[in-house]
Amino acid sequence: MGITTYTAGRILKGQLQNQTGEETVMTMDTFPYVGLAKTYSVDFQIPDSAATATAYLCGVKTNLNTVGVSAAARNGVCKSQKGNEVTSILKWAKDAGKSVGIVTTTRVQHATPAATYAHSASRKWYSDADMPASAKRDGCTDIASQLLNNTDIDVIIGGGRKYMTPKGTLDPEYPRDLASRGQRQDTRNLIKEWLKMKMGKVARYVWNRKDFDAVDPKTTDYLMALFEPGDLRFDVERDPRMDPSIVETTEKAIRILRKNPKGFFLLVEGGRIDQGHHSGRGSMALHETVAFDNAIAKGLQLTNEEETLTVVTADHSHPFTMNGYPFRGNSILGKAPTWALDVLPYTTLMYGNGPGYNVTTGKRPDIRRVDTKTKDYVQLSAVPMESDTHSGEDVAVLARGPMAHLFQGVHEQHYIAHAVAYSACVGRDQRHCQGSPPTPQPTSAEHTTEHTTSSNRSGALTLKAGGAFGSAVAALLSALLVAMLH
């Protein structure tokens, strides 16, 4: 979620409430501390979500397409990840006795949530079926299996059923859809394995709203909710009879996690903001942004700001522009009032590249009679691409709660993990929590990824547009602001 998405999302939210839009105050706007994060990866000027999520969740910049590993690991090379694994703030919180969770609108094996628990030389190794034979031979494991084995996560909410079940397993919601069937080649049913691992605890697996609504947070220890075979549906296309909204999933997660007197960490990702942009559909991306902002509001409502650090950020931006001279109150999804030199109208929102390129015989399409406000309208792009790329400008970091002042200014993206950890007193170096000043530490990759300190008065809730620490809670909202953030 770049700044353009942030601004345009604000205007859309107001216009959905029959306001002009520009003056609307989103929940994100109320965060008193604002900074910027530099998103480049070790090897690329413009990053992907795996590298950026590893940065702000694990505290280490890494290479494109790799997740939960340092830059010593190479994209797609299994052998290179051995010994170069890095752990995340979610694990640091769990090791400190806090409850932890992830909520996403993508598959739970996707790049951003995967960075909280997985170590993989390729972000695309969702299940063993996605791995080359060489990677399996060299001992690497798929991301879905790592979801069970690496960290004991209390709440897991998103999509990704098909990566958890044996090849050919019928999907409970789409039994006739071949693409929705199980994909695992090792015949493992990870959902059943997860339930077996939680014997003796109150653990629930659900895949639809009816069962989700029946989950009682007061008596539930563990929850895995996978509402789609892959990513969740866009919010405007979601069937509310089958799937809850990101607001509802965020609420359920917090109500389960906050029972822990030691606090909790929750990552909330509005991951489909990114995917709306990739398809060139500005309307989809902005409606996802509004939904993400509503989830942030719910998170603040359910936590105490005096003991909860909430951080909202994005993993990266998109080549998304807001241009022309539209009148005040003009639909953010509409057209600019003046025409271009080719005597044709153009929309306020456009893309630098993407699937919206449409120039034939040297002319743009005439959109005078085209409804550009529909959810499926693809904005014009300057360069033809099957999917729009990311962009490399800094992204916003918004914070409120204990130690929120640490996020002011311009920082490297991997600073975020260490600042959240410092505020929540998790990680290796906690001497400041006992009142003694911290001393300089070695700067090796292994130590740096673990070096975190924080006040024992706070925890963390992270929303990534993408969490939360209770009792001492901190939240990183990246929805990708990371989703947007994405």
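A disulfide here is a pair of cysteine sulfur atoms within 2.5 Å. Keep that in mind, everyone. By this rule the chain has 2 disulfides.

Some ground rules before we look. This is a predicted model, so local features need pLDDT of at least 70, side-chain atom pairs count only at pLDDT 80 or more, and totals for chains, interfaces and linings use all residues. Residues are numbered from 1 along each chain as its sequence is written, and side-chain values use heavy atoms, with hydrogens and water left out.

Now the cysteines. Cys78 pairs with Cys140, and their sulfur atoms sit 1.9 Å apart. The torsion about this S-S bond is about 105°, so the disulfide of Cys78 and Cys140 is right-handed. Where do the two partners lie? Cys78 is in helix H3 (residues 78–81), while Cys140 is in the loop between helix H6 (133–137) and H7, so the pair ties together parts that are 62 residues apart in sequence. A word on those labels: helices (H or I, at least four residues) and strands (E, at least two) are DSSP runs, numbered from the N terminus.

Are Cys78 and Cys140 buried or exposed? Both are buried. Buried means under 20% relative accessible area, exposed means over 50%, and partly exposed is in between, with a 1.4 Å probe and protein chains only.

Next, the other pair. Cys425 and Cys433 form a disulfide with sulfur atoms 1.8 Å apart. Its S-S torsion is -115°, and this link is left-handed. Cys425 is buried at 8% relative accessible area. Cys433 is buried too, at 14%. Number the bonded cysteines in sequence order, and the pairing reads 1-2, 3-4. One more cysteine to point out: Cys58 is buried, with a relative accessible area of 0%.

On to charges. Side chains of opposite charge can pair when their charged atoms come close. We call it a salt bridge when a side-chain nitrogen of Lys or Arg is within 4 Å of a carboxyl oxygen of Asp or Glu. How many salt bridges does that rule give? The count is 31.

Start with Arg328 and Glu22: their closest N and O atoms are 2.8 Å apart. This pair links distant parts of the chain, 306 residues apart. Arg328 is in the loop between strand E8 (320–322) and strand E9 (349–354). Glu22 is in the loop between helix H1 (3–15) and strand E1 (33–38). Arg328 is exposed, at 59% relative accessibility. Glu22 is partly exposed, at 29%.

Now Lys94 and Asp154. Their side chains form a salt bridge, 2.9 Å from N to O. Here, too, distant parts of the chain are linked: Lys94 is in helix H4 (residues 89–95), and Asp154 is in the loop between helix H7 (143–149) and strand E3 (155–159), 60 residues apart. Asp154 is buried, at 7% relative accessibility.

Then Asp239 and Arg241, which meet at 3.0 Å, N to O. Asp239 is partly exposed at 23%. Arg241 is exposed at 67%. There is also a network: salt bridges that share partners join Lys94, Asp152, Asp154 and Lys198.

Last stop, helix H12, residues 282–302. The expected span of a helix is 1.5 Å times one less than its number of residues.
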